[in-house]
Amino acid sequence: MRQLLRFALLAAVGCCVSPGRAQSLIPQGAASRYGLTRAWYAQVGSPRVTGTLKHVNYDEGMLLVQSSRGMLTAIGAESGRTLWATQVGPRDRSVTEPAANDKHIVVLNGSTMYVVDRASGDIVWQRQVRGAPGAGPGVSRTHVFVPIITGLVEGYDLEKGADQTPWNYQSTGRVLSPPMTTDLTVSWTTESGHFYVADPAGGGIRYRLETRAEIHSRPASWSPRLFAGSADGYVYAVNETGGSIAWEFPAGEAIYEPPVAIEDRVFVVTEFGGMYCLDADSGQPLWHAGNVSQFVAASPSRVYACNRVGSLSILDIGGGALLGTMPLNGITTKVVNSRSDRIFLVDDACVIQCLHETQLTSPVVYTPPAPPEKPEVKLKPRDPKAPEKAPADSFDQPPAEDAFEKEMPEEPAKEVENPFDPAP
């Protein structure tokens, strides 16, 4: 029965694109005028059977496609070939975007977490989480982190299965974007303007940044720094191991789109349609392009972005000059791809297409460098005579110049030394 269901899903995923649905396909002639080629296109389910395509994520040469009715599909990012399709949870519940490592893919359907084998698409294990998820999970090499809307983040060992007790990270404010993981840390942002960075193995929260306004987007990373954009109009760069602020950049407008870090550049889109390209080491602006609402992808010579009317803006990566604007009629989703040069476009008829520069027959892959060695975190007992710190919930006054403070979860009652205090 399971094999018959899998066959039926693959048939739905691999059906041909009907003439009526092909109107959003970029003609090869039109693509070539902008130095691009359409590498492939694929029909992934159908709106009537599997629901619309709610989330499409690029991960290590694979597209992870989550439909609104719970079907998870894996597609080869270079071939467009469907690798497998699996129904993950009930069809009538809210599903989050998937997250993956080299062995597992994790999806939340309602309040149930599903861990899926990356190679086969089989469900390895599942369990209830302790609350309503505020966003999709974050996945490291060994663990999965589930953000609960109340501010709790649960951590699970992927190898221990459903029968385990998770550890908790408690944060202030609702968590409405997926956690971001590296080999050294797990980090997330909250609506209360907090940027938390924690030990990914349950060692507690290492430090946090308090900004003047909400943080609505997921942080970004490129070793040795983490990056976050806030509605206060600032971009913050943080040294991942120590927690000190490397630099701050005043963009002048609220930031709701997640920053994108690629090698020595950070791309930041502001509220009213402009994109800054910043030097990742210094925070200095390299260039600014107006009329941009979303980063899409980057090649060694170009940046691709969506403008405010939904067309694809092609920018020179060196100076930000506009090289061309390609209409995207019928395209509803432009996938943010920060790990390769491929451009992935989606329409409301469940058709995905891939574009790339004509001469780049092999993908340009952006792999962050290996992080420095993990620093030791020194703990000291809490002084029972010391006054309790007031909760950092108010943003009427701007934060101190160094707005980071070390803290640990409420349980156990331990405190990490503040990195800016003199050593004892």
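Let me begin with strand E24, residues 274-279, where 5 of the 6 residues are buried, so this strand is largely enclosed by the rest of the structure. Please keep in mind, as I go on, that this is a predicted model.

What does E24 pair with? On one side there is strand E23, residues 265-269, which pairs with E24 in the antiparallel sense over 5 bridges, and within that pairing Val266 has Leu278 of E24 as its bridge partner. The two strands E23 and E24 form a hairpin with 4 residues between them, and in the turn you will find Gly273, which has a positive phi of about 85°. E24 also pairs with strand E25, residues 285-290, again in the antiparallel sense and over 5 bridges, and here Gly274 stands opposite Gly290 in E25. The hairpin of E24 and E25 has 5 residues between the strands, and in this hairpin Gly283 takes a positive phi near 80°.

Now let me turn to the aromatic rings, of which the model has 10 pairs. One of them is formed by Phe227 and Trp247, a tilted pair with 6.0 Å from centre to centre and 45° between the planes. This pair links distant parts of the chain, since Phe227 is in strand E19, residues 225-229, while Trp247 is in strand E21, residues 245-250, and the two are 20 residues apart.

Elsewhere, Phe145, Tyr169, Trp188 and Tyr196 form one aromatic cluster, and Arg212 lies over the face of Tyr234, at 5.2 Å from the ring centre.

Finally, I would like to show you an open sheet of 4 strands, in the order E2-E3-E4-E5, with antiparallel pairing. Strand E2 (53-59) and strand E5 (82-87) stand at the edges with a single partner strand each, so one side of each is left without a neighbour in the sheet. Neighbouring strands of this sheet are turned by 15° against each other on average, with direction ignored. Within the sheet, strand E3, residues 62-67, is joined by 5 bridges to the antiparallel strand E4, residues 71-76, and Leu63 has Ile75 in E4 as its bridge partner.

Note on methods:
Residues are numbered from 1 along each chain as its sequence is written. This is a predicted model: local features need pLDDT of at least 70, side-chain atom pairs count only at pLDDT 80 or more; totals for chains, interfaces and linings use all residues. Side-chain values use heavy atoms; hydrogens and water are left out. Buried means under 20% relative accessible area, exposed over 50%, partly exposed in between (1.4 Å probe, protein chains only). Two strands pair if DSSP finds at least two bridges between them. Axes are lines fitted to C-alpha atoms, for helices over the stretch in contact, and angles run from 0 to 180 degrees between N-to-C directions. Rings of Phe, Tyr and Trp (its six-membered ring) pair if their centres lie within 6.5 Å; planes under 30 degrees apart count as stacked, over 60 as edge-to-face and the rest as tilted. A charge sits over a ring if NZ of Lys or CZ of Arg is within 6 Å of the ring centre and within 35 degrees of the ring normal.
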